[in-house]
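User: I'd like to go through the aromatic rings in this one. Can you take my questions one by one?

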There are 2 protein chains.
Amino acid sequence: MTPSQDTLRARTRRAVQREIGDAALALFIERGFDATPIDAVAAAVGMSTRSVFRYFATKEDIVIGKLDLAADRMLETLAARPPGEPVWVSLRHLFDVDDPRPQGSTAAIHRVVLETPALLAAYLQKLQEIQEAVALGLRERAAAAGRPYPADDPTPRALTAAAFGCFVAAQHSWLASGASTPLADAVDRAMATLAPATEAQAPAQTQTQTQAQAQAPAPAPAPAPS
Amino acid sequence: MTPSQDTLRARTRRAVQREIGDAALALFIERGFDATPIDAVAAAVGMSTRSVFRYFATKEDIVIGKLDLAADRMLETLAARPPGEPVWVSLRHLFDVDDPRPQGSTAAIHRVVLETPALLAAYLQKLQEIQEAVALGLRERAAAAGRPYPADDPTPRALTAAAFGCFVAAQHSWLASGASTPLADAVDRAMATLAPATEAQAPAQTQTQTQAQAQAPAPAPAPAPS
DNA sequence: CCGAACCTGTCATTGACTGTCAAGTGAGAC
DNA sequence: GTCTCACTTGACAGTCAATGACAGGTTCGG
């Protein structure tokens, strides 16, 4: 019952996983995801088709599964941000990644993922999962700082979703403009277009009454009784 | 070559599509999406499996395809909003839907979609498509108002993505809290947590020169070197 | 040496799709 | 009226992803 020990087997397994992932990604980029049957991937690494599925739950997971690491890093990053930091800034830093890959390679990966419907769907779904964890992290952080969100307050979820939405928008814009500038710049620009309603202009203090008021005037969208 | 005429055949086709959709949705809600093979749907409406796929591209599309109508309505809504209205308010009104269904039924649909991985993925992907169109609509509106976004400005995409992110977050929160209150309230609360960086404090008037200027100063956070 | 845990390939099966083909049906041409 | 033409349908076969079952073969600790 070794919970998640770093045994030799575990390391071997990760190595094989990585090998499959790399080979598959190369094939997907070269021939396209849909045009590359699993058999081709299996053949490329000299395994049976069955074994590939022992390392990855689905075909999409070969590509998207790599995000599990990124997700872990995000949660660590969030936990490491200073407690007093504005939420939007902390969220921005979730997307700081030092990717040692050559710039062109990163763009190629982005292109396959964003332009293959099946992969895009799996990607967005994975991001949704990650958001769940991040929103929970925001809740914990606020609680630790002494001003927890009410249980049914949608704020952490909404802010997280908005941040991730900006991130994906940035990826699209970045790719559409040729991926020449760093992705981080695109993320900066996207996230700079918005700010949380409360702490935006506040002197980084506990929220004031006037702001809570300024928050209200959402013009009650009339459920259209017809 | 009748482009998209409202011929008898077209109407019949839509009727059949609707019949399949309704029957399938009932089955999906009752037995679960994954536990309901297409054969069961086909049998329920007295057709061959093959014919079901002549009306829907994929199994997920039977559920998600209904959003095409919603997408059209969104674009109409956006076009109908007053040109001077703050963007965030206009975006909020995209999610106003008068759904004549009983409240419990709507919640059931939401539950299947959000809790079935395959459906959630397809749903998010469809929303992504819609966002593309909405962002374009924002661009057109701004251009019509005389202050178009620069070609590579990520603002419309980012704002749209943030709004849709809030919407999905609202759906989750709404469902998690028992779907007792109107969904519109949840959307209000989610979207009230954020505001665009520029027009937030503006006196809700027709745009001034200073606004076009205030649109630029993206504060460019540090790209985190190492 | 030995069993437990793990990994592997092979085979068979399910389920989502897709291509094809022969047959049916309706609306308009004649 | 009836004869097409366009469109639809069911039946059949085939591809691909994914899963379960079985039969070896390996490694590791005792």
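User: Why does Phe167(B) count as buried?

Analyst: Keep in mind that this is a predicted model. Buried means under 20% relative accessible area. Phe167(B) counts as buried because its relative accessibility is 10%.

User: And why does Phe95(B) count as buried?

Analyst: The cut-off is again under 20% relative accessible area. Phe95(B) falls in the buried class because its relative accessibility comes to 8%.

User: Over all chains, how many aromatic pairs are there?

Analyst: Ring centres have to lie within 6.5 Å to pair. Counted that way over all chains, the number of aromatic pairs is six.

User: Is the pair of Phe95(A) and Phe167(A) stacked or edge-to-face?

Analyst: The ring centres of Phe95(A) and Phe167(A) are 4.3 Å apart, with 5° between the planes. Planes under 30 degrees apart count as stacked, over 60 as edge-to-face. With that angle, the Phe95(A)–Phe167(A) pair is stacked.

User: How many residues apart are Phe95(A) and Phe167(A)?

Analyst: Phe95(A) is in the loop between α6 (87–94) and α7 (103–115) of chain A, while Phe167(A) is in helix α9 (residues 155–176). So the pair links distant parts of the chain, and the separation is 72 residues.

User: What is the distance from Lys59(B) to the ring centre of Phe33(B)?

Analyst: In chain A, Lys59(A) lies over the face of Phe33(A), at 4.4 Å from the ring centre. In chain B, the charged end of Lys59(B) sits over the ring of Phe33(B), and its distance from the centre is 4.3 Å.

Notes: Residues numbered from 1 in each chain as written. Chains lettered and ligands numbered in written order. Predicted model: local features only at pLDDT ≥ 70, side-chain atom pairs only at ≥ 80, totals over all residues. Heavy atoms only, no water. Helix = DSSP H or I, 4+ residues; strand = E, 2+ residues; numbered from the N terminus. Buried < 20%, exposed > 50% of the residue type's maximum accessible area, 1.4 Å probe, protein only. Lys NZ or Arg CZ within 6 Å of the ring centre and 35° of its normal.
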